[in-house]
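Notebook open, model on screen. I want to go from the overall build down to single side chains.

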Amino acid sequence: AGPQSSTVRLRGLPWQSTPQDVLNFLSGFAVVKDSVRIGQATNGRATGEAMVTFASASEAGRAVSERHRAMMGNRYVELFLV
């Protein structure tokens with residue numbers, strides 16, 4: 001397999017999530033500063049998705065394996081390597 005991606009897509013975020021909420025959810029992982037992008041629909045409303053870049057592909061993989069389907073508020077968040 002080729003080099004792994006260091007970017008992860010989060011799905012299922014609470015609608016009101018901020019980049020800081022995402023960083024809190026991912027505390028303990030090496031997230032690239034200012035890399036959290038909260039998805040927005042064309043009408044400006046949150047999509048419940050975010051893209052996050054990690055310091056390395058191995059960090060991204062670790063986050064996916066340890067945080068996939070973890071709870072954020074009353075919702076579970078799915079993580080996918082992009």
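Before I look at size, a reminder to myself: the radius of gyration here is taken over C-alpha atoms, and the globule rule is 2.2 Å times the number of residues to the power 0.38. Also for the record, this is a predicted model.

**Entry 1: overall build**

I looked up the size against that rule. With 82 residues, a compact globule would have a radius of gyration near 12 Å, and the chain has 12 Å, so the two agree. I then checked the extent of the C-alpha trace, which spans about 40 × 25 × 20 Å along its principal axes.

Next came the elements. I find two helices and five strands in the chain. Read from the N terminus, their order is β-α-β-β-α-β-β.

Buried residues are 30% of the 82 in the chain. The accessible surface is about 4,900 Å², and carbon and sulfur atoms hold 50% of that. Among contacts with a separation of 6 or more, 63% are between residues 24 or more positions apart.

**Entry 2**

Then I looked at which strands S1 pairs with. S3 (residues 46–53) runs antiparallel to S1, and five bridges join them. In that pairing I noted Val 8 opposite Val 52. S5 (residues 75–81) also pairs with S1 in the antiparallel sense, over four bridges. There I found Arg 11 standing opposite Glu 78.

**Entry 3: salt bridges**

How many salt bridges does the structure hold? I get six, and I went through some of them.

One of them joins the side chains of Glu 49 and Arg 9, at 3.1 Å, N to O. Glu 49 lies in strand S3 and Arg 9 in strand S1, so this pair ties together parts that are 40 residues apart in sequence. I checked the exposure of both ends. Glu 49 is partly exposed at 26% relative accessible area, and Arg 9 is partly exposed at 24%.

Another is between Arg 69 and Glu 78, at 3.8 Å, N to O. Here I wanted the exposure of each partner. Arg 69 has 46% relative accessibility, so I put it down as partly exposed. Glu 78 has 14%, so it counts as buried, the cut-off for buried being under 20%. I also noted that Arg 11, Arg 69 and Glu 78 are linked in a network of salt bridges.

**Entry 4: Glu 59**

Is Glu 59 buried or exposed? With a relative accessible area of 15%, Glu 59 is buried. I placed it in helix H2 (residues 57–67).

What is Glu 59 in contact with, once neighbours within four places in sequence are left aside? My list reads Gly 28, Phe 29, Ala 30 and Phe 54.

Notes: Residues are numbered from 1 along each chain as its sequence is written. This is a predicted model: local features need pLDDT of at least 70, side-chain atom pairs count only at pLDDT 80 or more; totals for chains, interfaces and linings use all residues. Side-chain values use heavy atoms; hydrogens and water are left out. Two strands pair if DSSP finds at least two bridges between them. A salt bridge is a side-chain nitrogen of Lys or Arg within 4 Å of a carboxyl oxygen of Asp or Glu. Buried means under 20% relative accessible area, exposed over 50%, partly exposed in between (1.4 Å probe, protein chains only). Contact means heavy atoms within 4.5 Å. Accessible areas come from the Shrake-Rupley method with a 1.4 Å probe; for residues, only the protein chains shown count as cover.
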